[in-house]
Amino acid sequence: MTPSRIILMGYMGSGKTTVGRALGKDLNMPFYDLDWYIESRMRKTVKQIFDERGEDGFRVIERNMLHEVAEFENIVVSCGGGTPCFFDNIDYLNQQGETVYLKCTPEVLHKHLSMGKTVRPLLLNKTPEQVKTYIEEQLQVREPFYSKAKHTVDVTLMDNYEKIKISVAKLKETLGIA
């Protein structure tokens, strides 16, 4: 039996959007990326919201949009990397559906983020060495929140399409979906 809400969380660069989109397609369920949803509803990029309102202002908007999306039925959602770490979001997410922490090493996160094309407001103007240090420090702060997810799936090896399919299969197995 497929859960009505599958909610993916993890640090930026862990593959939440990539895996979420593939899982949604595999299960024939709509996929929502919370950051994209925020951008669509606010008609601004996450970076613009950060620039205008700061991180605190963004987190309030993020929480409100999370409560909208988490009411939808039969969906796969990927949260922003910080979403579970603010307010009571992690407890709320656990009440709303099957939460999954996509876990991988700081080295893999750094590699994914340096390859990515997405603007990450929290990483702007940092050297590669500063980014690596920042990731390691942030993971220590966020890990206690991520680890409250109902499930954890190691996605360390996910650098091509075949490995993404393997990650989706691991996720389905973890959730008990045939």
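Student: What is the relative accessible area of Glu136?
Tutor: This is a predicted model, where local features need pLDDT of at least 70, side-chain atom pairs count only at pLDDT 80 or more, and totals for chains, interfaces and linings use all residues. Residues are numbered from 1 along each chain as its sequence is written, and side-chain values use heavy atoms, leaving out hydrogens and water. Buried means under 20% relative accessible area, exposed over 50%, and partly exposed in between, with a 1.4 Å probe and protein chains only. Glu136 is partly exposed because its relative accessible area is 31%.

Student: Why does Lys132 count as partly exposed?
Tutor: The class follows from the accessible area of Lys132. Lys132 counts as partly exposed because its relative accessibility is 26%.

Student: How far apart are N and O in the salt bridge of Lys47 and Asp51?
Tutor: Both residues lie in helix H3, four residues apart, about one turn of the helix. Lys47 is partly exposed at 30% relative accessibility, whereas Asp51 is exposed at 53%. Their side chains meet with an N to O distance of 2.7 Å.

Student: Which residue does Arg5 meet in a salt bridge?
Tutor: Arg5 is buried, because its relative accessible area is 11%. In its salt bridge the closest N and O atoms are 3.1 Å apart, and the partner is Glu73. The pair links distant parts of the chain, 68 residues apart: Arg5 is in strand S1 (residues 5–9), and the loop between helix H3 (46–69) and strand S3 (75–78) holds Glu73.

Student: How many salt bridges does the structure hold?
Tutor: Some of them form a network, which links Glu55, Arg59 and Glu62. The total for the structure is twelve.

Student: At what angle do H3 and helix H4 pack?
Tutor: Axes are lines fitted to C-alpha atoms, for helices over the stretch in contact, and angles run from 0 to 180 degrees between N-to-C directions. The axes of H3 and H4 (residues 89–96) are 11 Å apart, and the angle is about 5 degrees. H3 is therefore roughly parallel to H4, as angles under 35 degrees count as roughly parallel, over 145 as roughly antiparallel, 65 to 115 as roughly perpendicular and the rest as oblique.

Student: Which residues of H4 meet Arg63, Leu66 and His67 in H3?
Tutor: Contact means heavy atoms within 4.5 Å. By this rule, the three residues in H3 meet Asn89, Tyr92 and Leu93.

Student: What is the angle between the planes of Phe50 and Phe58?
Tutor: Rings of Phe, Tyr and Trp (its six-membered ring) pair if their centres lie within 6.5 Å; planes under 30 degrees apart count as stacked, over 60 as edge-to-face and the rest as tilted. The whole structure has six aromatic pairs. Phe50 and Phe58 form a tilted one, with centres 4.9 Å apart and planes at 35 degrees.

Conventions. Salt bridge = Lys/Arg side-chain N within 4 Å of Asp/Glu carboxyl O. Helix = DSSP H or I, 4+ residues; strand = E, 2+ residues; numbered from the N terminus.
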